[in-house]
Amino acid sequence: MSQAGLVMGFVHRRRRGAELFLLLLALAVGIGAYAAVGVGVEGRVPADIIGYGSWLAGLAIVAHVVVRVVAPYADPVLLPAVTALNGLGLAVIHRLQLAYDAGAPGPTGLPQKQLTWMTLGVVLFLLTLIVLRDHRVLARFTYTSGLAAIVLLLMPLAPGIGKTINGARIWIGVGPFSLQPGEIAKVLLVIAFAGYLVLHRDALALAGRRVLGVDLPRGRDLGPILGMWLISLGILVFQRDLGSSLLFFGLFLVMLYVATERPGWLVVGTLLFAGGAGLAYQLFGHVQNRVNIWLDPLPYYDRTPGSFQIVESLFGMAWGGLIGRGFGGGSPERVPFAYSDFIIGAIGEELGLTGVIAVVLLYGLIVERALRAALICRDGFGKLMATGLAAVVALQVFVVIGGVTRLIPLTGLTTPFLSYGGSSLIANWVIAALLLRISDQARRPVPEMAGTETSDEQADEQATQMVRMVDRA
Amino acid sequence: MNKPIRTIAIFCLLLFVALMLNATWLQYWKASDYDDNALNRRVIEDAYSQQRGAILVGDEAVAESVESDDQYDYLRTYPQPFKYAHVTGYFSFYDQTGIERSENAVLSGDDDLLFVNKLVDLLSNKSGKGGNVQLTLDPDAQDAAYAALEKLPKDPDTGTVEASVVAIAPATGKILAMASLPTYDPNKLASHDFGAVQEDYDRLSQDPTEPLLNRAIQTTLPPGSTFKIVTAAAALSSGNYTADGQVPGGATYQLPQTSGSTGEIDNEGRSCGTDQIPFAQAMEESCNTTFAALGVELGADALREQAEKFGFDQRYLQDLGPQAVSNFPADANEPQAGQSAIGQFEVRATPLQMAMVAAAVANQGVLMRPYIVDSIQSPSLETLRQTEPEELGEAVTPEVADGLTQLLVSTVEEGTASPGAIAGVTVAGKTGTAQSGDPDVPPYAWYVSFAPAQDPEVAVAVVIQSAGIDRGEIAGGTYGGPIAKAVMEAVIR
């Protein structure tokens, strides 16, 4: 590739000033939205706006300063984008809490808890950046991560600590907290897949039979994908969690395809997924129910399990129209769990199509920056990890927003950075930290080495060797 | 690995574009479908939280929103509920009818006419107020119409009266009065006690006398002898007859292609001469034999064409609904044409339709579109849109209209329509007694008139569908005439 030489010769600017400026804009979104909620719902700017705003700004500025020190070449757009989403999510949760406090059925104390979780998330974000100076170190933990992920995924099924909430057995109770281990597992899975695939990509890339112009993989290499397929099906069957099942399998498929550069894996994976989904549809009533509601939700409005939630959310989004009803102008509290899975419905109702598109674009920006880091990253492990993290965000956003807006059947997943939920928020802040770390490594000027004028492919090879060396050490 | 990463980037782009397109589809194109869904409580609750505009008659509001101190901010009230119920309709948590429905966009403030007001409200952070709807109704005429209907003796079987009156201004088409019995209290349906609302609605909708029905525009009945005005119009328009000339007469008339008593038409003892009689006498005595013969001679097509010129088979009322369409049967054969000519067989008309027939004759033959919304006003009573009178077409020539007026005046002065006469005013009118077709159901009494005949200000149609009146007394406008008279007097005075 002729571009490779250019990439290698090109030195990225740090752009920390740009990050600071964008961060101020992101804070304006978060704090402005919080003030707008106060004005819209209560008719006045919230009394604690100074304290709240300082806290949010403090978190962002500390994060910025630490990034400036420990990851000076990191991508300047990622941190502002996630800050804006997190701030907006807090404001919407605050708005819903005001409605719950005014008598609508719902939980209490959400904004305070969410702000605590966000603080914890930022702390973990910073710790990740400080402790993890080179993402390739994570390759050492390939199998540890994989094992930990499987344990985490199985935990909700364990008697005593596993909890079934809203029909999905994806929670564990730790003292007063409920955690969704699947959210943490997705980060570990990305590490495990990246470590495994970077080592075995050569074998998995060997072509088998050629069908309709696509090289299908060899039969003996099907083991990993079949294993992952079974795990995904297991999640679907035993935990009744369509969303996570789709997310994990999709994630594996994307990483497998990127590692091997064989579209054949996509064919095999899609067939497996279609087969599994078809089987699940035939065998399980709750899957059929979901599909029927997706096709025509209105007749199920009054039934249990029914479509009340999604129909109310659709009504809300339609009611919001192009510019929304404004904070306090709609009734998003009508939608059960508007603060978690259905938060995009609340945004659609009160901030309108404009708000929804803005949120989707922010996610698009995050995914695009993550994939950009993957493209310019110099080692295969980093490339795979960045791609995997990008895929996690993209798939999760697509599955949950697509589900709420009735593009695809509804499956329960949180909306990254927006939804209420500690596990999800923490996991996503760690994802942000990992992406910053990879992009920092990728954008950092190449240390002077003999014979660095290599092609892109050779760079991959070198990086792999480096990882192997680390592995042995 | 960069090639597949780029492929994945494009794949992600497609996912996000799909999300955005779908959101646009949902929140822009499909939004009004969802808003109109009956399950959607947001739209209705929103309507309860802002001040809906008033419906005005003269200077008074017949429907207005007042502040309420329960779970919603405003309560819809109807100060004169029974008199105006069928015009205003009701505004309930579940449904709306009448003007509340047809002018909902204005009353709720969503109409484009009110865009500037809405924008000002939005910028000044006030909750929006709906626009007002000024009706064409004349409060005196409406009072007279409702009071006269109330005076009718009640049907002993149902304990109520089924009747309606509609009056229009011939020159413009303005509806001046529209009353219907039995009626209901829209306040009960607009209550915030939704359980009671549902109960009251169930009771009203299951009542066999159909109190929710606006009989003036939603019931079609055989118009009986009042349809002879249309037949006479067709006869005069054919050029074969004049108002001063002769028409076929006789005590009985055997419809073509029939034999025996089933096809024989008589005049129930009224004096209709033999062979040839003056047109005036035929109209005065409401001679069935004459008009059946004219109908057969003119043919069903000519009758239908004339009826349609008066508005039959059309939807002309645009600002109130749903409107029942008056009908003249298609493809009637000769004997059916004869029966149709005297307003029987399958001819059906709403009271509004028969008032329009009278109004067109009164207005030199020109039929005006009837309307009930006079103007749309902003919350600050500034007129935003004034309804302009609109011609629907020429039903008859001015000469034919003059001839018909002459015939109808003599029907009031010398003939069967005398109960509608007003001292000092020339009234043109026609009675009608329509067979219901069911021997157990008494005939329907009609009365159609306009006044003053030289310079008409008002045209009225009255129909009494069911009341505590003996079969024998129902004919001849005994009861319908005084109602029409009261309404005409209220307008002229």
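Predicted model: local features only at pLDDT ≥ 70, side-chain atom pairs only at ≥ 80, totals over all residues.
Student: At what angle do the axes of helix H12 and helix H13 of chain A cross?

Tutor: Follow each helix from its N to its C end and compare the directions. Helix H12 of chain A covers residues 308–320 and helix H13 of chain A covers residues 343–376; their axes come within 6 Å and cross at roughly 20°. Angles under 35 degrees count as roughly parallel, so H12(A) is roughly parallel to H13(A). The crossing of H12(A) over H13(A) is left-handed.

Student: Which residues touch the most other members of the largest nonpolar core?

Tutor: Here you look for buried nonpolar residues joined through contacts. The largest nonpolar core has 154 residues, and A:Leu251, A:Met255, A:Ala370, A:Leu389, A:Val393 and A:Leu435 touch the most other members. H13(A) gives the most to this core, with 18 residues.

Student: What does A:Ala370 touch?

Tutor: Leaving out residues up to four places away in sequence, A:Ala370 touches A:Ala386, A:Leu389, A:Ala390, A:Val393 and A:Leu435. There is also a second, separate core of 138 residues, which includes B:Tyr78, B:Phe227, B:Phe310 and B:Ala359.

Student: How many helices and strands does chain A have?

Tutor: Chain A has 16 helices and five strands. Of its 473 residues, 52% count as buried.

Notes:
Residues numbered from 1 in each chain as written. Chains lettered and ligands numbered in written order. Axes fitted to C-alpha atoms, helices over the stretch in contact; angles between N-to-C directions. Helix = DSSP H or I, 4+ residues; strand = E, 2+ residues; numbered from the N terminus. Parallel < 35°, antiparallel > 145°, perpendicular 65-115°, else oblique. Left-handed = near helix turned anticlockwise from the far one by under 90°. Core = buried A, V, L, I, M, F, W, Y, C linked by C-beta atoms within 7 Å. Buried ≥ 20, exposed ≤ 12 C-beta atoms within 10 Å, placed from the backbone. Contact = placed C-beta atoms within 7 Å.
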